[in-house]
Amino acid sequence: MDPEVAESVTRDSRLKFYKTTLCLAFQSFGVVFGDLSTSPIYVYQSTFSGRLRLHEEDDEIFGVLSLAIWTLTLIPLCKYIIFVLGADDNGEGGTFALYSLLCRRVKVSLLSASHVADDDVSTYDTGQSTKETRASSLLKELFDKHHGSRVVLLLVVLLGTSMVIGDGVLTPSMSVLSAVNGIKIKATGLHENYIVFVACMILMGLFALQHFGTHRVGFLFAPILVAWLLCITSVGIYNIIHWNRGVVSALSPYYVYNFFKKAGKDGWSSLGGILLCITGAEAMFADLGHFSQLSIRLAFTIVVYPCLILAYMGEAAYLSKHKEDLHRSFYKAIPEVVFWPVFIIATLATIVGSQAIISATFSVISQCRALKCFPSVKVIHTSNQIHGQIYIPEVNWILMVLCIVVVIGYGNTDMIGNAYGLAVITVMLVTTCLMFLVIVMVWKRNILSAVAFVIVFGSLELLYFSACIIKVQQGGWLPILVCLVVLAVMGMWHYGTLKKHSYELHNRVDLETLLSLSTNLGIYRVPGIGLIYSNVASGVPPMFAHLVTNFPAFHKILIFVTLQFLTVPKVPAKQQILVSRIGPSEFCLFHCVVRYGYKDARKDSHAFESHLIESIAEYLQRGGQDYEVGGSKDKLALNHWQSNPVMDAVPLRLENEAGAAACKKKVRFRGVGCSKELLELIEARESGLAYMMGSTCVLACESSSFLKKFVINIVYGFLRRNCRHPATALGVPHTSLIEVGMVYRV
């Protein structure tokens, strides 16, 4: 390539990268930083609402300011921006992303999606050292030997995920109610019920906007938040200059020491209010899939962080001269001439502030669902460019109802603040624990580095946690209740799913039995193609054996389809489909493993079946020698491929024309075929295609304990009946669906 042309291409690609990054940074204001940026509205009010109201002096006000500044510096800036954002799972963030990173790199998973065949999903090489350290070897040995350690790890991850969902209920309630309460400054006689009513109306409007997607919501909300940051910065600078320039001295950590010296135990109990200055920090990581590391780092470091520091300093400067306004500090600190414009922008900004945790809730539930830790729900991908931008209707409306219940039930920001702080700090502690494992086992750093990380950040978080946990009776019980309910649902769904899959694995029919069915039962082969959905990667699912023994007929060409959901965000197209043959060619039996990451969008039924059949056609066109099932009779050819480098896949490119458009797909094929089989495949496709799925009823054995019967028969059964049907989730047309009923006794 000509050097000038190459330089031009490089320059264009750089400009495109810069433009994309700046665009994402702008959008992130409307999605990621709203919660963090609106915290000045309620931090001082919540902090001085408890015992600290007895210590309303300059030392305490400056101490709270110093604590807020250093907490903002250590947790969001140092912990999340510098360290945690670098622990992404191929661009995805959040508690479950850290867990999936550990599962893939260290094999600590309990999830059924972890298969040997997944090891070749190679795009997710993080470039980290593969050389084991002594500490990483010891930890890996601990997880390998002790099954209980993996159970505990999964429970910790589910705890953090549950708290994120609980945070999704509390953040909109706290933010919106705090903003609307500001109207009391001017309308002192306004009844509390009117405030609650307005807050509920705003919440309903917020959740009604979610179906437009993060992309549109981000562009809609970003200008509002930028205007908000400019407002609080301007007001902060004005208050510093006009009321007390000495607040700059609060940058010294000496004021933190002095605060605890003067306030003592009352200062410690007030930490739950100061903690609210970092609400939304976890959302920076959880929303990473919607944006990029660089865009979030730029937006926070250059704009959000300095604006928040100036806002808190300005509010402290005003309060040092107006101690009687501590309980209405934010709105009282606004100059009279700009009160109403700032109030309107504040109300709009709190709506934006709720967006961060709503988007994060969608992300973590999508990850849990794909990894079989959450019932099936509808996931809508709202952007063609950023794959992590999703919308979940069922979750959206449930969150809206819960938020309204919280606002009506509490009606008090102090009580909600106590609950809010506990949810926030619990998620941060879980992230710190998982980061310890990532630093040692994934990044392969010295264990002293991981210990230093935990000591610096974990000790600060534990201090805040201790102050929040004592307020359980004062509203802190709510996130615990939400967490326990969500944790129970996820845990029991995962347990029931594992039992169901275990039954299918133990009751599958081996291949020799399948190949002898035609002779023993006089099987009749009808024209067409049958897609048999199976959860077992080898052998024949019990559902199909149950059908054939009672109704001895099936299609001329049978394709067993196994969907695997891996602990990676996305599977490259060339590694998504694995095709193999079952038995001799005259039986026309194939097995296809279709692999998805937890962020992969699934094709509609027509595109999926076309892609699958074209994959088999290409497989047959490749030619070669028939592969007979040998050795262990329950092993599919797929398993043999993984252990035989001679039969490695050859990535091929074929054109798939759908309508007027044509798109290129990479598919992996192995094995053999002939022109006669290809003609039979075409004829069978013209005869029609049917989907066959199991409609199973999972029940505990009669000898099972009462607890197991309750979990499997009642809770798991209820969840299965009320979640999305597998055929609906996969987009299977009802006119082509055959469901086979069967009872599983687990």
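F544 is buried, with a relative accessible area of 0% (buried means under 20% relative accessible area, exposed over 50% and partly exposed in between, using a 1.4 Å probe and protein chains only). You'll find F544 in helix α22, residues 542-550. Helices here are DSSP runs of H or I with at least four residues, strands are runs of E with at least two, and both are numbered from the N terminus. F544 and V740 sit 196 residues apart in sequence, yet their C-alpha atoms are 7.9 Å apart in space.

## What kind of model this is

This is a predicted model, in which local features need pLDDT of at least 70 and side-chain atom pairs count only at pLDDT 80 or more, while totals for chains, interfaces and linings use all residues. Residues are numbered from 1 along each chain as its sequence is written, and side-chain values use heavy atoms, with hydrogens and water left out.

## The chain overall

The chain has 27 helices and ten strands. Of its 746 residues, 58% count as buried. Take the contacts (heavy atoms within 4.5 Å) with a separation of 6 or more: residues 24 or more positions apart account for 84% of them.

## The nonpolar cores

A nonpolar core is a set of buried Ala, Val, Leu, Ile, Met, Phe, Trp, Tyr and Cys residues joined through side-chain atoms within 4.5 Å. The largest one has 170 residues, and those with the most contacts inside it are F33, L65, W228, M284, F300 and Y331. Helix α18 (residues 413-442) gives this core its largest share, 19 residues. Apart from it lies another core of 32 residues, including I529, L531, C588 and L681.

To see one of these residues up close, look at F33. Not counting residues up to four places away in sequence, F33 touches S28, L225, M284, I296, A299, F300 and V304.

## The second largest pocket

A pocket is found on a 1 Å grid over the protein atoms alone: it is an open set of points where a 1.4 Å probe fits, with protein on both sides within 12 Å along at least five of seven lines, and lining residues have an atom within 4 Å of a point. The second largest pocket holds about 650 Å³ of space, where volume is the space filled by probe spheres set on the points, and points are joined across faces, edges and corners.

Its lining has 26 residues, with F374, I398, L402, V485 and V486 nearest the centre. The elements giving two or more residues to that lining are α7 (147-180), α17 (393-410), α20 (477-506) and α26 (706-722). Of these, α17 gives the most, nine residues. By class, the lining has 22 nonpolar, three polar and one charged residues (Ala, Val, Leu, Ile, Met, Phe, Trp, Tyr, Cys and Pro count as nonpolar, Asp, Glu, Lys and Arg as charged, and the others, Gly among them, as polar).

T497 lies in helix α20 and is buried, at 7% relative accessible area. Leaving out residues up to four places away in sequence, T497 touches K372 and Y716.

S270 sits in the loop between α11 (265-269) and α12 (271-275), and is buried at 4%. Its side chain reaches the backbone oxygen of G267 at 2.6 Å. Beyond its neighbours within four places in sequence, S270 is in contact with T47, L52 and F259. K444, in the loop between α18 and α19 (447-469), counts as buried at 12% relative accessibility. The phi of K444 is near 60°, a positive value in a residue other than glycine.

Conventions. Polar contact = N/O pair within 3.5 Å; in protein donor to acceptor, adjacent residues only side chain to side chain.
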